[in-house]
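Good morning, and thank you for making time for this presentation. Please look at the sequence and the structure as they come up, and I shall then take you through them.

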Amino acid sequence: MPASPVRPAWGDILLTALAPLIWGSTYIVTSELLPPDRPFTAALIRVLPAGLLLLLVMRRLPARRDWMRVLILSALNIGVFQALLFVAAYRLPGGLAAVVGAIQPLLVMGLAWGVEGRRPARLALGASVLGVAGMGILLLSPRTVWEPVGIAAALGGTACMAAGTYLTRRWKPDLPVLALTGWQLLLGGLMLAPVAWLADAPLPALSLPQILAYAYLCLAGALLAYALWFRGIARLSPVAVSSLGLLSPLMAVVLGWALLGQAMTGWSMLGLLLVLASVLAVQWASARPATNV
């Protein structure tokens with residue numbers, strides 16, 4: 001009898017997808033509500049309190065053999081990534097940053113191939129390329145400003161997140177998801193603290209909307225979203241998880257249309273549909289055991 005097809009775990013996929021959907025609000029919150037020109041402070045306030053809260057609840061230390069791995073993952077997933085994310089958010093249009101970030105599934109496939117010899121499935125590879133093309137159609141325009149520092153930050157952040165996603169699944173530290181999330185947020189926040197102190201101006205007196213914006217980025221954008229993200233990494237393939245990251249800029253586009261009155265053209269809709277088709281195709285390809293993605 002032929003083997004029955006393996007279907008994607010849609011419950012896990014939908015829960016994991018909530019993380020990038022929440023992250024999609026980062027650009028609009030940063031540009032519209034936060035004090036300007038303080039990227040490292042924004043990253044620090046986002047992650048450090050969230051990590052402390054989770055560890056106060058979980059009270060679980062990593063095993064001795066896992067400390068170095070947790071430290072590296074904290075740098076890749078939180079410390080370095082968050083710093084570069086906010087540099088890109090302040091310096092680039094959200095569309096250009098998102099197009100650069102869309103190469104993350106391809107980077108994860110490259111890591112799996114280079115480290116483990118896992119050739120990417122043709123469907124997953126083609127769908128990921130389609131996602132980059134769709135993101136370009138959706139978000140790029142002739143007026144896009146290619147600011148070099150912002151581009152470098154976006155590329156560096158994408159590479160960090162790809163490596164962190166791949167290594168989190170490969171290493172599997174012996175910690176519950178919430179404890180692993182808390183330690184990464186705490187250690188990543190401690191890495192950001194001296195950079196924020198040295199590079200950013202002191203915060204001005206904050207208005208109530210600014211306080212609420214920082215609280216949202218911390219509780220929803222870090223504590224909740226990263227817990228869901230690392231849960232997804234533990235249950236889905238790294239390529240499947242990284243492809244869900246494409247939903248973040250889609251949410252940013254929808255929020256810009258709904259809240260800021262930004263126009264959406266026919267080309268924009270085509271790009272949006274291509275990206276969604278890419279995400280769905282990668283989920284199907286990653287659920288098939290023979291693909292090794």
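This is a predicted model: local features need pLDDT of at least 70, side-chain atom pairs count only at pLDDT 80 or more; totals for chains, interfaces and linings use all residues.

I begin with Arg118, which counts as partly exposed because its relative accessibility is 37%; here buried means under 20% relative accessible area, exposed over 50%, and partly exposed in between, with a 1.4 Å probe and protein chains only. Residues are numbered from 1 along each chain as its sequence is written, and side-chain values use heavy atoms, with hydrogens and water left out.

Arg118 forms a salt bridge with Glu116, with 2.9 Å between the closest N and O atoms. By salt bridge I mean a side-chain nitrogen of Lys or Arg within 4 Å of a carboxyl oxygen of Asp or Glu. By this rule, the count is four salt bridges. Glu116 is itself partly exposed, at 30% relative accessible area. Glu116 also meets Arg170 in a salt bridge, at 3.1 Å from N to O. Glu116 belongs to helix H6 (residues 104-116) and Arg170 to helix H8 (residues 148-171), so this pair ties together parts that are 54 residues apart in sequence. Helices are DSSP runs of H or I, at least four residues in length, numbered from the N terminus. Arg170 counts as partly exposed, at 45% relative accessibility.

Let us turn to another pair. Arg231 forms a salt bridge with Asp12, the closest N and O atoms being 3.1 Å apart. This pair links distant parts of the chain, with Arg231 in helix H10 and Asp12 in helix H1 (residues 10-23), 219 residues apart. Are Arg231 and Asp12 buried or exposed? Both of them are buried.

Next, the nonpolar core. The term denotes a set of buried Ala, Val, Leu, Ile, Met, Phe, Trp, Tyr and Cys residues joined through side-chain atoms within 4.5 Å. The largest one has 73 residues, and Met135, Leu185, Tyr226 and Trp229 have the most contacts inside it. Its largest share, 12 residues, comes from helix H10 (residues 208-235). Apart from it lies another core of 10 residues, including Met109 and Val239. In soluble globular proteins, nonpolar side chains tend to be buried together.

Tyr226 deserves a brief word. Leaving aside neighbours within four places in sequence, Tyr226 is in contact (heavy atoms within 4.5 Å) with several residues, among them Trp23, Phe81, Met161 and Leu185.

What of the shape of H10? The 28 residues of H10 should span 40 Å at 1.5 Å a residue, and the end C-alpha atoms are 39 Å apart, which agrees; the expected span is 1.5 Å times one less than the number of residues. H10 bends by about 30 degrees at Ala225, the bend being the angle between axes fitted to the seven residues ending there and the seven starting there.

Following H8 is Lys172, whose phi is positive, near 45 degrees.

Thank you for your attention.

Terms used. Helices (H or I, at least four residues) and strands (E, at least two) are DSSP runs, numbered from the N terminus.
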